[in-house]
Every structure is written in structure tokens, then in C-alpha cells.
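Subject: Structure handover

Hello,

Here is the structure I promised to pass on. Please open it first, then read my notes beside it.

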Amino acid sequence: MPENSSLTCLVTGGAGFIGSHLVDALLADPTVKEVRVLDNFSSGHREFLAHHAQDSRLKIHEVELLALEKILPHFAGVDQIFHLAANPDARWGLDNTRLDLEQETLVTYNVLEAMRRHKVPRIVFSSSGTVYGDVGTTVTHELLGPALPISLYGAGKVASEALISAFCSTFGLSAIIFRFGNITGERTTHGVVFDFIGQLVKNSGDLTVLGNGYQAKPYVYVRDLVAGLMFGQKKCAALAPSQFNVFNLAPGGATNVRFTANELVAQLGFSVRTKIHYGESAQGWPGDVPQSRMDSSKLAQAGFPMPRSSDEAVRLAINRILHWLAEHPAAAAGLRLPADAKLAPKIS
Ligand SMILES: NC(=O)c1ccc[n+]([C@@H]2O[C@H](COP(=O)([O-])OP(=O)(O)OC[C@H]3O[C@@H](n4cnc5c(N)ncnc54)[C@H](O)[C@@H]3O)[C@@H](O)[C@H]2O)c1
């Protein structure tokens, strides 16, 4: 371990899609002494962290964050929390209306209460552009309000943000809240690219799109997002007690589902083979925000400009996902490449 290592970080949901990439970045940072992952493996995977098996700085704990008394000991001696654990998919709240209440609001309360009891000073939180609700193509900035989400997932994010604000003011914590756009990249376990690949594995002749395909949102490549989280950790460390800041983390502009579908079939070598079928509605499913545009100029002014456009992020992410599936078939958490795929060359 390098001599200047001093930081102990705790990542909730660290075995998940985004969390595992964040763990990669933290372990690559020589100032990090220890990374504690708390995860119940409901949607996370041990394979996503298996390449760190020899790194003694990584401690993985299988725990349920809803059990406050059980998670408390893991917060002792922590300098920085990254709170990522949550229900990852807004659609799941349609069938189970308690899910986001528990996995967002109650889990976030438990994390904050454990921080308070163990005097952990700082938290970086993964919120979402869904907090802004359905405001069409209005470009949302951090001061837009009131937050009127249209999904239970978005409601859980608003409630979590409110709890963080209150814990900061009342108990002297410091926080950076990031409102993410849509995140995509290798190790994806949900979302549009994941769904489309799953369909093409079963039948590469047809791809069915929920909605008319003109739904358009800003996308972020997962490693760019993690660079933003690492920047956020430095910003968080510079905050005084009780200070709290909110940043959008998404490029300007948006990518529509038609672009994503066409890019995916092209990169698989299926442009001629696959017929893409579009629905008629402007919305993919109830609770889906069909249009989203986010302003990240506040984050750029703070020192982190988004490294690429949304379309570039989608193109790169599809390329990385497909090559990752080809290279890591055992670690792909159930996803695989469609038979006969002829992958486009790797983007460096
Ligand atoms: N992926 C996106 O497009 C996106 C967009 C906006 C915000 N976010 C937020 O980013 C965060 C990470 O998302 P992700 O895409 O990596 O999802 P993910 O499902 O891959 O990661 C969530 C992790 O949390 C764990 N977890 C969930 N509930 C838990 C509990 N009660 N106790 C312990 N562990 C638990 C899961 O096992 C998983 O490893 C989430 O808060 C999500 O809402 C993601």
C-alpha cells in the first residue's frame, strides 16, 4: 500500500453496475486505504469485483441496508460514503409500490443515521434527472422546481435528497448530490441496451421497441460518470460541515431510442437482418419520462465538463458492452452476445 494512503471509503451498492466501476476507480487511487462494499447482491454481482480478489484494500460485506443495527459496525472509521444502493429500475415500482419507499427512502435514512452515529462526515449520493418529472424538452437545471416526479423511483430520489439536506443542516454532514442522466456501459444489468441485446439473443430477426422510439434522454458512458463521482468526492472533501451541493451529471442534448436501436444492430452486424418494430405511444411505459434534457453547466463551471455528447456516449457504450460480453462471457450476469454477431471494431 502506498505510504500516503489515508482514505477509507464505503460504497453502498458497490457490486452493482455503476458501483463496481466506482470501486475500480477508487482502488486505482493511491490515496485510498480501504474500500468497503455493502451490498445485498439483489442486482449486484460478485463477478463484477472478482478482478480485485488480490487487493486486500477491498472488503466486501453481504448485508441488507434495511437492517440498521446490522449495518452500523461497517460505518466505523469511514471518511467518505458513496451511496449508490437502490432499486435500479423505475419499472419495477409498477408491480411493487413499496419497493422505492424501502430501497430509496428507508435505505437512505439508514445510511444517514449510521453516518450520524459513527460521525462519518461526507456523502456523495446518486440521484437522478427523474426528480424533475415530466417537463418535456425544458432544459432542467438544479434550481428548477418544485420537483414533481412522475414515478415512484423519482419520488424516492426526491425523498432521499430531502433527507440528506436535513441531515446536513441538523447534524453537520457534508454532501454532494449528483442527478444522473441515463448511464450505460459494460456490466450493464438493466436499461434499453440491455433489454435490446436480450431480445436479439432470442431472435435476431426482430427488435421490438416500447413506445415510438422518439423518446430522447441524455446518456452518460459509465466510466465518464465515475470520473464525475471521483471529482465529486474531492469537492465533497472541500465542503465545510453542513454544506450541501447539487449537480446534474449528464451531457446537454439527448439520444433517442431509434438512434440506440440502429446503432446496436449496426455494431452487431445485423443492419440487414433485424427488423425494428416501433410502438405508437410517446411514452415507453407508465412512469417513463419520454423527454429529458439536462443542463450540466454548473458542474462544468465547478471543474468537470462532460467529456462527450450523449450520442457519442451511447455509441461508445454499445461498443464497450459488446466487446466486454465477447471477452468476459462468464462475468456478464446472464447477458450474452447474440449468435452470429459480427462485431464492429473496438473503439479505443
Ligand atoms: N443506471 C442508471 O441509468 C442510473 C441513472 C440514474 C441514477 N442511477 C442510480 O445509480 C445508483 C446505482 O445504479 P446501478 O445502475 O448501478 O444499479 P445496480 O442495480 O447495478 O446497483 C445497485 C446495487 O445496490 C445493491 N442493493 C440494492 N438494494 C440494496 C439493499 N437494500 N441493501 C444492500 N444492497 C442493495 C444491489 O445489489 C446492486 O449491487 C442507483 O442509486 C440508481 O438509482 C442509475
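Strand 4, helix 3 and strand 5 form a right-handed β-α-β unit. Right-handed has a set meaning here: with the strands pointing away from the viewer, the path from the first strand over the helix to the second runs clockwise. Helices (H or I, at least four residues) and strands (E, at least two) are DSSP runs, numbered from the N terminus.

Two notes before you go on. This is a predicted model: local features need pLDDT of at least 70, side-chain atom pairs count only at pLDDT 80 or more, and totals for chains, interfaces and linings use all residues. Residues are numbered from 1 along each chain as its sequence is written.

**Strand 5 and its partners**

Strand 4 (residues 80-83) runs parallel to strand 5, and four bridges join them. Two strands pair if DSSP finds at least two bridges between them. Look for I81, which stands opposite I123 in strand 5. Strand 5 also pairs with strand 7, in the parallel sense, over seven bridges. There, R122 has S174 of strand 7 as its bridge partner.

Is strand 5 enclosed or open? Seven of its seven residues are buried, so strand 5 is largely enclosed by the rest of the structure. A residue is buried if 20 or more other C-beta atoms lie within 10 Å of its own, exposed if 12 or fewer, and partly exposed in between; C-beta atoms are placed from the backbone. R122, V124, S126 and S128 point one way from strand 5. I123, F125 and S127 point the other way.

**On to strand 12**

Strand 7 (residues 174-180) pairs with strand 12 too, in the parallel sense, over six bridges. R179 has N248 in strand 12 as its bridge partner. Five of the six residues of strand 12 (residues 244-249) are buried, so strand 12 is largely enclosed by the rest of the structure.

**Strand 9**

Four bridges join strand 9 to strand 14 (residues 275-278), and the two run parallel. V209 stands opposite Y278 in strand 14.

How does the span of helix 4 (residues 152-171) fit what its 20 residues should give? At 1.5 Å a residue it should span 28 Å, and its end C-alpha atoms are 28 Å apart, which agrees. The expected span is 1.5 Å times one less than the number of residues. The buried residues of helix 4 include L152, Y153, I164, F167 and C168. Helix 3, strand 5, strand 7 and strand 12 are among the elements that cover them. After helix 4 comes G172, whose phi is positive, near 80°.

Helix 9 has 18 residues. From first C-alpha to last it reaches 25 Å, close to the expected 26 Å. Its buried residues include S310, A313, V314 and L325. Their cover includes strand 8, helix 5 (192-202) and helix 6 (222-237).

**F304**

F304 sits in the loop between helix 8 (297-302) and helix 9 (310-327). F304 counts as buried because it has 21 C-beta neighbours inside 10 Å. Which residues does F304 contact, leaving aside its neighbours within four places in sequence? They are G228, F231 and L299. Contact means that the C-beta atoms, placed from the backbone, lie within 7 Å. G228 is 76 residues away from F304 along the chain, yet their C-alpha atoms are separated by 6.8 Å.

**Backbone points to check**

- The peptide bond from G145 to P146 is cis, with omega near 0°. P146 lies in the loop between strand 6 (139-140) and helix 4.
- F41 is not a glycine, but it has a positive phi of about 60°. F41 is in the loop between strand 2 (32-39) and strand 3 (58-62).
- K119 is not a glycine either, and its phi is positive, about 55°. K119 lies in the loop between helix 3 and strand 5. K119 counts as partly exposed because it has 13 C-beta neighbours inside 10 Å.

**The ligand**

The ligand is surrounded by 28 residues. The closest are G13, G16, G44, A86 and P88.

Best wishes

Key: Near = placed C-beta within 6 Å. Contact = placed C-beta atoms within 7 Å.
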